[in-house]
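The tour goes from the whole chain to single residues.

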Amino acid sequence: QVQLVESGGDSVQAGGSLRISCVASGYIIQDNCMGWFRQAPGQEREGIAAKSNNGRLKYVDSVKGRFTISRDNAKNTLYLDMNSLKPEDSAIYYCAAMAAGRLCWFPSLDPADFSYWGQGTQVTVSS
C-alpha cells in the first residue's frame, strides 16, 4: 500500500524560507515520477515542481528560482525547499506520485497524471 506523508508546513513571514518533506512507504521515490502541488482556498490544485524518473526537473514559472525539489534516496523522502516566500505562496502543499513503473521522461505538473496523494501540509506566509 502506497502512503505519502507530508510534514514541515508552518507560518512564516514574507521573505522567509521553509522546507517541507514527503516520506513515502510502499513506493520507491528514486525510481518514479513525483511532484509537489498546492491548493489555496477557492482555487484549483496547481502543480509547482516535479521530477521525472530520469532526474529531470520542472517548475511552474511563479516559483522558478525560489523553490527547489530534491530527494534523499536513503530516506525515501522528497523535499521542497522554498525561499523568498510570498503571501501568495500560502496554500496547502501536497506531495504526489505517479503509478509505480510509469515512464515519464519529462516531468509533469498535471494533477491528472498522478495516482497517489498525501494529506497535505499547510504553509502560511504573512506580509
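The stops below say what to select and what is found there.

**Whole chain**

Start with a cartoon view of this predicted model. The chain has eleven strands and zero helices, so colouring by secondary structure shows the order β-β-β-β-β-β-β-β-β-β-β from the N terminus on. Next, switch to the C-alpha trace, which spans about 40 × 25 × 25 Å along its principal axes. How does the radius of gyration of the chain compare with that of a compact globule? For 127 residues a compact globule would have a value near 14 Å, and the 13 Å of the chain agrees with this.

Of the 127 residues, 46% are buried.

**Aromatic rings**

Select the aromatic side chains. Searching the whole structure gives four aromatic pairs. Zoom in on tyrosine 27 and tyrosine 116: their ring centres are 6.0 Å apart and their planes stand at 65°, so this pair is edge-to-face, the cut-off for that class being over 60 degrees. The two partners come from distant parts of the chain, 89 residues apart, with tyrosine 27 in the loop between β3 (18-25) and β4 (34-39) and tyrosine 116 in strand β10 (residues 116-117).

Are the two tyrosines buried or exposed? Tyrosine 27 has a relative accessible area of 5% and is buried, because buried means under 20%. Tyrosine 116, at 29%, counts as partly exposed.

Then select Phe37, Phe114 and Trp117, which together form one aromatic cluster.

**Two positive phi angles**

Move to asparagine 76, in the loop between β7 (67-72) and β8 (77-82). Its phi is near 50°, a positive value in a residue other than glycine. With 17% relative accessibility, asparagine 76 counts as buried.

Follow the chain through β8 to serine 84, placed in the loop between β8 and β9 (91-97). Serine 84 also has a phi near 50°, again positive in a residue other than glycine. Its relative accessibility is 40%, and serine 84 therefore counts as partly exposed.

**Leucine 18**

The last stop is leucine 18, in strand β3. This residue is buried, with a relative accessible area of 13%. Which residues does leucine 18 contact, apart from its neighbours within four places in sequence? Show side chains for Gly8, Gly9, Asp10, Val12, Leu80, Asp81, Met82, Leu85 and Val123 to display these contacts. A contact here is a pair of heavy atoms within 4.5 Å.

To finish, draw a distance between the C-alpha atoms of leucine 18 and serine 126. The two residues are 108 residues apart along the chain, and the C-alpha separation is 13 Å.

Technical notes: Residues are numbered from 1 along each chain as its sequence is written. This is a predicted model: local features need pLDDT of at least 70, side-chain atom pairs count only at pLDDT 80 or more; totals for chains, interfaces and linings use all residues. Side-chain values use heavy atoms; hydrogens and water are left out. Helices (H or I, at least four residues) and strands (E, at least two) are DSSP runs, numbered from the N terminus. The radius of gyration is taken over C-alpha atoms; the globule rule is 2.2 Å times the number of residues to the power 0.38. Buried means under 20% relative accessible area, exposed over 50%, partly exposed in between (1.4 Å probe, protein chains only). Rings of Phe, Tyr and Trp (its six-membered ring) pair if their centres lie within 6.5 Å; planes under 30 degrees apart count as stacked, over 60 as edge-to-face and the rest as tilted.
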